[in-house]
Amino acid sequence: MGACVVRILIVEDEERMAKTIQSLLKKQNYLSDIASDGEEGLDCILSGIYDLVVLDVMLPKLDGFQVLERIRAEGVTTPVLLLTARSTVTDRIEGLDRGADYYLPKPFAGGELLACIRALLRRPREMESGAVTFGDITLDEESGVLSCGTEQVSLNSRERELMRILMRNGGSPVARESILVKVWGYDASPESNVVDAYMSFLRKKLSFIHSRAGIESVRRIGYYLTMPEENACT
């Protein structure tokens, strides 16, 4: 059974360091993007598509502390791992006070970075029930099992992420472009029909477990879940 898709943003202006971190993440099957300055990093974080941010302090345009302050002021709760060569106690306190979840001084070992990332990624899952419900269906976000009554079907990692997005939006339309970026990343072609294909897969799985939930599309807008007023599983 595939793991959940995890997307990490690396905000680092030193290209070599950014590429090294990205390579480490790729080996752990994490998807990642790089932003090379504070303003670009802020825009990326506010897009809401990332599960975790690796944020350097010393950045052009906006430093890491400023980025932290702004995203927390906007109510963004995405875990942030702060990286910096400034490792005094005062600097660490400032970073944590401004909203960082962990502070890792440079230089650091790759294994230490990955351990911090794993710990931070576990935190949201420990605080949530791990399941989301819409109408007559329930998705176990950890196992990827979609159920309706006693009927169950397993979703692969892409299907799981798509269904989670739809269910958490509670029947409100989700933009196709937003889905494409969240699940396949910024490199995905806007002309790709991969989203449509996966929605078809999900419709078949809903039918397989005899759910009355449906997936509808709105031209030029996106997709949303529907559910008749009377819920029933057979």
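Visitor: Which strand does tyrosine 223 lie in?
Guide: First, some ground rules: residues are numbered from 1 along each chain as its sequence is written, and side-chain values use heavy atoms, leaving out hydrogens and water. This is a predicted model, where local features need pLDDT of at least 70, side-chain atom pairs count only at pLDDT 80 or more, and totals for chains, interfaces and linings use all residues. Helices (H or I, at least four residues) and strands (E, at least two) are DSSP runs numbered from the N terminus. Tyrosine 223 falls in strand 12.

Visitor: Is tyrosine 223 buried or exposed?
Guide: Buried means under 20% relative accessible area, exposed over 50%, and partly exposed in between (1.4 Å probe, protein chains only). Tyrosine 223 has a relative accessible area of 5%, so tyrosine 223 counts as buried.

Visitor: Which residue has its side chain joined to that of tyrosine 223 by a polar contact?
Guide: A polar contact takes a pair of N or O atoms within 3.5 Å; within protein, one must be able to donate a hydrogen and the other to accept it, and residues adjacent in sequence count only if both atoms are side-chain atoms. Here the pair sits at 2.5 Å, and the partner of tyrosine 223 is aspartate 196.

Visitor: How far apart are the end C-alpha atoms of helix 6?
Guide: The expected span of a helix is 1.5 Å times one less than its number of residues. Helix 6 has 12 residues and should span 16 Å; that agrees with its end C-alpha atoms, which are separated by 16 Å.

Visitor: What relative accessibility does glutamate 159 have?
Guide: Glutamate 159 lies in helix 6, residues 157-168. Setting aside residues up to four places away in sequence, glutamate 159 touches (contact means heavy atoms within 4.5 Å) Ser154, Tyr198, Phe201, Leu202 and Lys205. Glutamate 159 counts as buried because its relative accessibility is 3%.

Visitor: What kind of aromatic pair do tyrosine 198 and phenylalanine 201 form?
Guide: Rings of Phe, Tyr and Trp (its six-membered ring) pair if their centres lie within 6.5 Å; planes under 30 degrees apart count as stacked, over 60 as edge-to-face and the rest as tilted. Tyrosine 198 and phenylalanine 201 both lie in helix 8, 3 residues apart, about one turn of the helix. Tyrosine 198 is buried at 18% relative accessible area, while phenylalanine 201 is partly exposed at 35%. With 5.1 Å centre to centre and 65 degrees between the planes, the pair is edge-to-face.

Visitor: Which face-forming arc do the buried residues of helix 3 fall within?
Guide: The buried residues of helix 3 are Gly64, Phe65, Val67, Leu68 and Ile71. Taking directions from the helix axis to the C-beta atoms, they line one face of the helix because they fall within an arc of 160 degrees.

Visitor: Which residue does a cis peptide bond join to lysine 106?
Guide: Most residues other than glycine have a negative phi, and most peptide bonds are trans. The residue in question lies in the loop between strand 5 and helix 5. Omega is about -5 degrees for the bond from lysine 106 to proline 107.

Visitor: What phi does asparagine 29 have?
Guide: Asparagine 29 sits in the loop between helix 1 and strand 2 and counts as exposed, at 69% relative accessibility. Although asparagine 29 is not a glycine, its phi is positive, at about 70 degrees.

Visitor: What phi does histidine 210 have?
Guide: Histidine 210 is in the loop between helix 8 and strand 11, partly exposed with a relative accessible area of 41%. Not a glycine either, histidine 210 has a positive phi of about 60 degrees.
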